[in-house]
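Notebook open, viewer running. I'll jot down what I look up as I go.

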Amino acid sequence: MASATDARYGQKESSDQNFDYMFKILIIGNSSVGKTSFLFRYADDSFTPAFVSTVGIDFKVKTIYRNDKRIKLQIWDTAGQERYRTITTAYYRGAMGFILMYDITNEESFNAIKTYSWDNAQVLLVGNKCDMEDERVVSSERGRQLAEHLGFEFFEASAKDNINVKQTFERLVDIICEKMSESLDAADPAVTGAKQGPQLTDQQAPPHQDCAC
């Protein structure tokens, strides 16, 4: 059985020479914010304007190179509909990073971000569909302010126009690698007792340190 450290910060796979580490990443947000399009743009460099609601869970695998290591990303697209929430929460365990996404043209999707409390997780906040400037209802400044309040880095992106998609994933991977390196260097016994994934609550998260983006 994998230890808490392996589950949370990436598991070394000595038996599989195709990669050095595997990181599980989840994309979370309301239905229709563009999670599936974001995933397909990064993994396959493809985009389709047709919207089909994800049922349950879907994922893609992509291998990248960071710091002379092959890192296999297992990226999960979680369904945003409330009725699937009990399904998707089971997949939070073992995830190393999260992309928390809203739609800049949808106020409700932005407000929904505030209902999650994130504990001990590597998270980026992403305002998707920045190509739809004429329909924008959530300003960039509000996105930055929320990210700063939550202690996350912030990107605005567009799966359609391929804006900041690769950059978002690469930054998240770098943050995970930095955290993993810090944990290994410090050999902090608290790491092995870290909670698995975010703790979801109905209250707003307390302020964290300023966003570093």
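Which residues is Leu39 in contact with, leaving aside its neighbours within four places in sequence? I found Ile27, Phe59, Lys60, Ile75 and Asp77, where contact means heavy atoms within 4.5 Å.

Before going on, I note the ground rules. This is a predicted model, in which local features need pLDDT of at least 70 and side-chain atom pairs count only at pLDDT 80 or more, while totals for chains, interfaces and linings use all residues. Residues are numbered from 1 along each chain as its sequence is written, and side-chain values use heavy atoms, with hydrogens and water left out.

**Leu39, continued**

I placed Leu39 in helix α2, residues 35-44. Helices (H or I, at least four residues) and strands (E, at least two) are DSSP runs, numbered from the N terminus. Leu39 has a relative accessible area of 0%, so I log it as buried. My cut-offs are under 20% relative accessible area for buried, over 50% for exposed, and partly exposed in between, with a 1.4 Å probe and protein chains only. I also checked Phe59, which is 20 residues from Leu39 along the chain; their C-alpha atoms are separated by 8.2 Å.

**Whole chain**

I get six helices and seven strands, in the order α-β-β-α-β-β-α-β-α-β-α-β-α along the sequence. Of the 213 residues, 45% are buried. Among contacts with a separation of 6 or more, 74% are between residues 24 or more positions apart. The accessible surface comes to about 10700 Å², and carbon and sulfur atoms own 46% of that. Those areas are from the Shrake-Rupley method with a 1.4 Å probe; for residues, only the protein chains shown count as cover.

**Salt bridges**

How many salt bridges does the structure hold? I have twelve, each a side-chain nitrogen of Lys or Arg within 4 Å of a carboxyl oxygen of Asp or Glu.

I started with Glu170 and Arg66, whose closest N and O atoms are 4.0 Å apart. Glu170 sits in helix α6 (residues 165-186) and Arg66 in strand β3 (residues 57-66), so this pair ties together parts 104 residues apart in sequence. Glu170 is partly exposed at 22% relative accessible area. I also noted a network of salt bridges linking Arg66, Lys166, Glu170 and Asp174.

Next came Arg136 and Glu156, at 2.9 Å from N to O. Arg136 is in the loop between β6 (122-128) and α5 (140-150), Glu156 in strand β7 (residues 153-156), and the two are 20 residues apart. Buried or exposed? Both Arg136 and Glu156 are buried.

Last entry: Arg171 and Glu153 form a salt bridge at 2.7 Å, N to O. Arg171 is in α6 and Glu153 in β7, so the pair ties together parts 18 residues apart in sequence. I have Arg171 down as partly exposed at 23% relative accessibility, whereas Glu153 counts as buried at 11%.
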